[in-house]
Amino acid sequence: MNDSPTVSRHTRFGDVLRLPGLAPFKNQLLLGPKGSPQNPFYARLTIGQLERMTPAWRHADLVSGLEFARQEAAAGQLRSLPLYTPEELREDPTRAKASLLFLPGKPGAPYAIIAPGGAYINVAITVEGLPVGARLHEAGYHVFLLQYRCGRRGQLPKPFQDMQAALRYITAHAEALQVRPTDYAVFGFSAGGHVAASTGTLNFGYSAIGLPKPACIVLGYPLVSLEERNMAVNSFLQLYMGRTWRSTLPPTYILDHMDKTYPPTYLWQCRDDEILPFHGNGLAFSKRAKELGVECRFRPVDKGGHGMGVALNSEAQGWLEEAIAFWEAHQAFVSDIRSSRSRV
C-alpha cells in the first residue's frame with residue numbers, strides 16, 4: 001500500500017486516472033472513446049456527479065472498483081497484456097486498440113474474463129469491469145478485463161474476434177500466468193454481453209477456435225438479438241453499425257448460432273430495461289436455451305433499468321454471488337477455492 005489519496009465519491013474522475021500506478025492504464029479506464037469530447041467532460045466530474053448523470057451507475061460500485069484498481073496497481077499486480085502479435089498488428093493496425101487488463105488470483109485457479117458494456121461506443125471497464133472483477137478477485141479467481149475494439153462504425157464482428165484472441169492468448173500463456181486454462185467463465189454486460197455470448201456460438205465460439213468449453217457464461221442485460229426494437233436500438237443501428245448492417249450483422253445474432261453444445265448460462269435482466277428490450281433479449285435467450293436443452297439460470301428483475309453492474313442496493317442485488325455459485329457448480333475440477341469456501 002502506498003500513500004496515494006484514496007478514491008471517494010468526491011474524487012474527480014480525471015484525478016483518479018492520474019493517481020500513482022493508474023496512469024499507465026488511463027486509456028483502458030477512460031469513459032468515452034480515446035480522444036472524444038466525452039473524455040475531458042467526464043474528467044472534470046466527481047464520481048458522485050457521474051452517478052447523477054447516469055443513475056444506474058452506483059457511485060459506491062465505481063468507488064470500490066477504482067480503489068481496488070488503485071491498490072492493485074500500487075502493488076504492481078495490475079498488468080496490461082497484448083492480444084495480438086506484431087505480425088497480426090501489421091495486418092490490421094486497429095487490433096492495437098484491443099488489450100487485456102490482468103489481475104492475478106490464486107496460482108492454479110480458474111479465470112474469469114469480463115467484457116464490459118458501452119454500446120460499442122466505448123468499453124466501460126470502470127463501470128462494470130472493475131467492480132465485478134474486484135468481487136471475483138476477492139474470491140480467489142484470476143480476472144481478465146477485455147478492452148475490445150469499438151467507437152467506429154462497422155466494428156462487428158471485430159469485438160468477437162478480440163474475444164477469440166483473448167481466449168487464445170490466455171490459453172497459450174496459462175503456465176506463465178499461473179492460470180488454469182479450463183473451468184473458466186466468460187462474463188459480459190450489454191454490448192459486452194453480446195461479445196461474451198459469442199463464445200458459445202457455432203461460428204465465433206470456443207469450438208470454432210479449438211479451445212476448451214467455458215464452464216459457464218454469465219450475462220447481464222445482454223444484447224443477443226435485434227428482433228425487438230425501440231428508439232435506443234434504432235439509433236444504435238443507424239449511428240454505429242453503418243449502412244450495411246442488414247447484411248453484416250446476421251452472423252452476430254446469438255440466437256441463430258446456438259445449439260445444444262452452448263455452455264451453461266447464468267443471465268439476468270430488468271423488465272424495465274429502456275435500452276435493450278427485455279422480451280427480445282434476456283427472455284428470448286432463456287426460451288432459446290430451453291428449446292435446445294441448454295441449462296440457463298434466468299433471473300428476471302422487475303425494476304432497475306440498464307447498466308447496474310454489481311447492482312448493490314437494488315432488486316438485482318445478489319446476482320453476482322448467485323453467478324459465482326453457478327460457475328463453481330459447473331467446474332469439472334474442485335479447486336482449493338471451492339473446497340475452502342465450503343468449509344467456512
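Where does Ala124 lie? In this predicted model, Ala124 turns up in the loop between β3 and α7. The cut-off for calling a residue buried is under 20% relative accessible area. Ala124 comes in at 6% relative accessibility, so Ala124 counts as buried. Leaving out residues up to four places away in sequence, Ala124 touches Pro116, Gly117 and Gly129. Then there is Gln28: Ala124 and Gln28 are 96 residues apart in sequence, yet their C-alpha atoms sit 8.7 Å apart in space.

Now for the protein as a whole. It has 15 helices and 8 strands. The C-alpha atoms fill a box of roughly 55 × 50 × 50 Å along the principal axes. A compact globule with 344 residues would have a radius of gyration near 20 Å, and the protein has 19 Å, so the two agree. Of those 344 residues, 58% count as buried. Take the contacts between residues at least 6 apart in sequence: 75% of them join residues that are at least 24 apart.

What about the sheet? Its 8 strands form an open sheet, in the order β1-β2-β4-β3-β5-β6-β7-β8, and the pairing is mixed. At the edges stand β1 (79–82) and β8 (296–301); each has a single partner strand, so one side of each is left without a neighbour in the sheet. On average, and ignoring direction, neighbouring strands are turned by 20 degrees against each other.

With β2 (residues 99–103), β4 runs antiparallel, and 5 bridges join the two; here Phe102 stands opposite Phe144 in β4. With β3 (residues 111–115), β4 runs parallel, joined by 4 bridges, and Ile114 stands opposite Leu145 in β4. β3 and β4 also belong, together with helix α7 (residues 125–138), to a right-handed β-α-β unit.

Which way do the residues of β4 point? In a regular strand the side chains alternate between the two faces of the sheet. In β4, His142, Phe144 and Leu146 point one way, while Val143, Leu145 and Gln147 point the other way. Whichever way they point, all of these residues are buried, and β4 is accordingly described as mostly covered, with 6 of its 6 residues buried.

Further along the sheet, strands β6 (residues 216–220) and β7 (residues 265–270) run parallel and are joined by 4 bridges. In this pair, Gly220 stands opposite Trp268 in β7.

In soluble globular proteins, nonpolar side chains tend to be buried together. The largest nonpolar core here has 119 residues, and those with the most contacts inside it are Ile113, Phe187 and Trp319. Helix α8 (residues 158–172) gives the most to this core, with 7 residues. α8 also lies across β1, β2, β3, β4 and β5 (185–189), running at about 160 degrees to β3.

Finally, what is Trp319 in contact with? Setting aside neighbours within four places in sequence, the partners of Trp319 include Phe187, Phe189, Tyr266 and Trp268. Val132, Val218 and Val310 are also in contact with Trp319, as are Arg299, Gly309 and Ala311. Phe187, then, is one of the contacts of Trp319, and both residues are among those with the most contacts inside the largest nonpolar core.

Terms used
Residues numbered from 1 in each chain as written. Predicted model: local features only at pLDDT ≥ 70, side-chain atom pairs only at ≥ 80, totals over all residues. Heavy atoms only, no water. Buried < 20%, exposed > 50% of the residue type's maximum accessible area, 1.4 Å probe, protein only. Pairing = 2+ DSSP bridges. Right-handed = clockwise from strand over helix to strand, strands pointing away. Core = buried A, V, L, I, M, F, W, Y, C linked by side-chain atoms within 4.5 Å. Contact = heavy atoms within 4.5 Å. Axes fitted to C-alpha atoms, helices over the stretch in contact; angles between N-to-C directions. Rg over C-alpha atoms; globule rule 2.2 N^0.38 Å.
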